[in-house]
Amino acid sequence: MNIWYLSAHDQPKGISSRTYDYSRELVRRGHRVTMFTNSYCHFTHRERLAPREKWRTEEIDGIRVIWLKTIPYTGNGWRRGANMLSNAFRSLEVAQTLPDKPDVVVGPSVPLGTGWAASRIAVMKEAAFVFEVRDVWPIALVDDGGLSRRSPVYFAFRLLEKSLYRKAHRISATMPFIFRHVAESGGNPEHVTWIPNGVNFDGYRELAPYDGGKTRPLVAMYVGGFGNAHDVITLVKAAALLRQRGIDDYRFVLVGDGVKRQECRREAAAHALSNVEFHDPVPKSEVPRLQAGADVLIAAVLDSKAYRFGLNLNKLFDYLASERPVLFSGNAPNDPVAESGAGFSIPPERPEEMAGALEQLLKMRPAERAEMGKRGRAYVEREFDITRLAERMESLFVQAIRDRRS
């Protein structure tokens, strides 16, 4: 198959890598893949292209990567909206110049404009259209408090979302229960296939086995975003509670960036938490080695209705692949940590319970912590190996092509 995969934020070997990961696996399975992505990085705010370049094509790991020049931005202001629009129209502009004809075009739900562009390219090139639902916009924006249901933007996004569900020949969903929302939105729930983010184990196999944390202090690590839906502040507050109880057997390492990072830094400074460190985000390829320095890995999200369709946190699967105990703070109908027995799951936004769980991990023997990590690793190898999930993706694309022809 000739597959065109549109993205905005995912970059080859970047911080967010779903599109690249699946593209590489599909190339390994003998398919031709073109990946459209912004040259301006959403996470580092760095531009790859020269000022006068509109786009650039290069080959990376057998993938034809097309870097698109889009409007730069920081934060969530109007320039971010302009960036989304420029991605959509630049994708259409480039697609018209390419002489080859794809069999399937994949477009995401975030941003919705890129998904719309993919649907238009599919019509223009007489290809199947697969809508990849990675987050349920615009409802997720309302759940996170960033958008009002009375806003004209909400109504415009909602109409666009519904139309994409109807136009899609097949729907790839990163959350397991999205089919219910698709049905409510006028789409066909039988066309939905759950394809979560997978784990590429190449970077994990070369690491030494975890010894369970035989030396103090133990390293409690958070790797990911400091966005509106994340709850890293609860981790900082839990560190403060432990300090108040005279427990200094943890070093907290927080890696990432986002709008809430400064709030977390202020909280740590207010409590004079010298054992809390903040580090800049790293490329996905460096995550395995980074996490190998942890004794417990922590994921925390707000108590938001946004997770009612299921949980699909990249970090959780990477955490479990690292063979470390995992502490998850959140509320969702699926819970990989509880399902795997790889750690502790606690309710969201409760620093006292997080501090208690960290104390409990501290009291465990190294062998017990190591056993937790092994259970998590076995679970993701069984359920989330990207080489197996790529087979599911491939089958979805084949069915989308058949649906279009019929």
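I take buried to mean under 20% relative accessible area, exposed over 50%, and partly exposed in between, with a 1.4 Å probe and protein chains only. The model is predicted, so I use local features only at pLDDT of at least 70 and side-chain atom pairs only at pLDDT 80 or more, while totals for chains, interfaces and linings use all residues. Residues are numbered from 1 along each chain as its sequence is written, and side-chain values use heavy atoms, without hydrogens and water.

Cysteines. Cys 264 counts as buried because its relative accessibility is 1%. Cys 41, at 9%, counts as buried too. I looked for disulfides, meaning pairs of cysteine sulfur atoms within 2.5 Å, and the count is 0.

Cis peptide bonds. I found one from Val 110 to Pro 111, with omega near -5°. Helices here are DSSP runs of H or I with at least four residues, and strands are runs of E with at least two, numbered from the N terminus. Pro 111 sits in the loop between β5 (104-108) and α3 (112-125). Another cis bond joins Arg 216 and Pro 217, omega about 0°; Pro 217 is in the loop between α7 (202-205) and β9 (218-223).

Positive phi. His 45 has phi near 60° and lies in the loop between β2 (32-38) and β3 (55-60). At 34% relative accessibility I log His 45 as partly exposed. Glu 126 has phi near 55°, is placed in the loop between α3 and β6 (128-133), and is partly exposed at 47%.

Helix α11. I checked residues 314-321 and found 7 of the 8 buried, among them Phe 317 and Tyr 319. Glu 323, which follows α11, has a positive phi near 65°.
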